[in-house]
Amino acid sequence: MNRYLPVARQHFLAALASTSVVVKSISAVVVLLYLLSWVVDTPYALGVTPGYLFPPNFWVWTLVTHGVVEQHVWGVAANLGTVMACGRLLEPLWGALELLIFFAVVNISAGLLAGLSYLLTYISTFDLDYLFAVRVYGAAGFVGGVLVALKQTMGDTTVLRVPQVRLKAAPALVLLLLALLRLSGLLDSCADLAAYSYGALSGWVYLRFYQRHSRGRGDMSDHFAFASFFPEALQPAVGLLAGLVHAALVKVKVCRKMVKRYDVGAPSSITISLPGTDPQDAERRRQLALKALNERLKRVDDQSAWPSMDDEEDEDEDEVRTDTQLLLPGGRDPSSTPRPAGGPVGASLSSTSLSSMSQSSGGPSAGGAQHPESSIISFEDAPSRS
């Protein structure tokens, strides 16, 4: 175990160094509050207590701080791992500011809804423990929101091969796991289960209807519908119920109505964007693929830093290359032709003679038969006559 701790620490520091200021700040606050919890009861002062959240106490700051409060090492590890996953997977698509907004929306909504649920439970049972003995804190709510966001962006990614589990099924599986832990008694209260459920729900509502991006707001694709979080056998019934709830929320102006969009300014013909065919998910996948491709190309460029041998051979050939000379018919070099004696070096001009020139000269030369090398004609400067 001691051998793997330095390696894990090195990888964690390397991943943290490549993240933005938002991720580093959240991680630093989590570690600082964990160290502070050794001397101060941080869940009481900074966690959500349903009895203190609503009037007359009204501890509203706990809605902001409860998501970064941890009392155990495994809680710190889960919180930091979730924040780092957001920095590596979601921040390149959204940006640092959008990630901070998502973090605030999910945590505030999860704390508020969990406190309201315990308040309603107290009204039903009149048990004061639901108001003052419950502490809602930790990364459970943000984990739910992040898993929903990962389902939206990369839901087809395989998490486990045996059995085959894809990332789009992770929110429901984690919810089932927390329910089993609560039923078995390993969880002291339902606070983590409630925070996770409301965090996933608030994250889905924000991403579905309110998140701003280049194509407008929200994500109305079919693969991100509320029924897609449930098994296929239950999806028709859940889809019908979700449609009725959505229609009611549209009437009270909480959610917007899904409408068809017509792009009449398209260069070819009218482009119709229907609900469920929004290519926002395809754009996110394309950006992830481009990022992965750029990283691979960068590694390949770093490995191929040695010069090519072919380039060096081409440079040597260019240096050795000399001026070309014209060859005579038959492959002879004009520089190898003997110069006549007695004349100056620059006074003789050698040129090739075609067969038509020898025929137009009036027959064989005066000296007898024509020599094979008589095609070379030399002109010498004759002495001037007085």
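**Stop one: the largest pocket**

Start with H6, which supplies the largest share of the lining of the largest pocket, four residues. Helices here are DSSP runs (H or I, at least four residues) numbered from the N terminus, as are strands (E, at least two). Before going further, note that this is a predicted model: local features need pLDDT of at least 70, side-chain atom pairs count only at pLDDT 80 or more, and totals for chains, interfaces and linings use all residues. Residues are numbered from 1 along each chain as its sequence is written, and side-chain values use heavy atoms, with hydrogens and water left out.

Now select Glu70, Trp74, Tyr137, Leu187 and Asp192: of the 25 residues that line the largest pocket, these lie nearest its centre. The volume of this pocket is about 780 Å³. On a 1 Å grid over the protein atoms alone, a pocket is an open set of points with protein on both sides within 12 Å along at least five of seven lines, while a cavity is a set where a 1.4 Å probe fits but cannot get out; lining residues have an atom within 4 Å of a point. Grid points are joined across faces, edges and corners, and a volume is the space filled by probe spheres set on the points.

Ala, Val, Leu, Ile, Met, Phe, Trp, Tyr, Cys and Pro count as nonpolar, Asp, Glu, Lys and Arg as charged, and the others, Gly among them, as polar.

**Stop two: the second largest pocket**

Next, pick Trp204, Phe226, Ala242, Val245 and His246, which lie nearest the centre of the second largest pocket among its 19 lining residues. H11 and helix H12 (235-251) are the elements that give two or more residues to this lining. H12 gives the most, eight residues. The volume is about 500 Å³, and the lining of the second largest pocket divides into 15 nonpolar, three polar and one charged.

**Stop three: H2 against H6**

Show helix H2 (residues 21-36) with helix H6 (residues 73-94): their axes come within 10 Å and cross at roughly 175°. Axes are lines fitted to C-alpha atoms, for helices over the stretch in contact, and angles run from 0 to 180 degrees between N-to-C directions. H2 and H6 are therefore roughly antiparallel to each other (the label for angles over 145 degrees). Residues in contact (heavy atoms within 4.5 Å) include Val23, Ile26 and Tyr34 of H2 and Val76, Leu80 and Glu91 of H6.

Where is the largest cavity lined? Select Val22, Val23, Ile26, Val83, Cys86, Leu99 and Phe142. About 40 Å³ of space lies in the largest cavity, and its lining is seven nonpolar, no polar and no charged residues. H2 contributes the largest share of that lining, three residues.

**Last stop: a loop**

Zoom to proline 55 and proline 56, joined by a cis peptide bond with omega about 10°. Proline 56 is in the loop between helix H4 (50-53) and helix H5 (62-65). Phenylalanine 58 is also found in the loop between H4 and H5, and its phi is near 60°, a positive value in a residue other than glycine.

Methods. Parallel < 35°, antiparallel > 145°, perpendicular 65-115°, else oblique.
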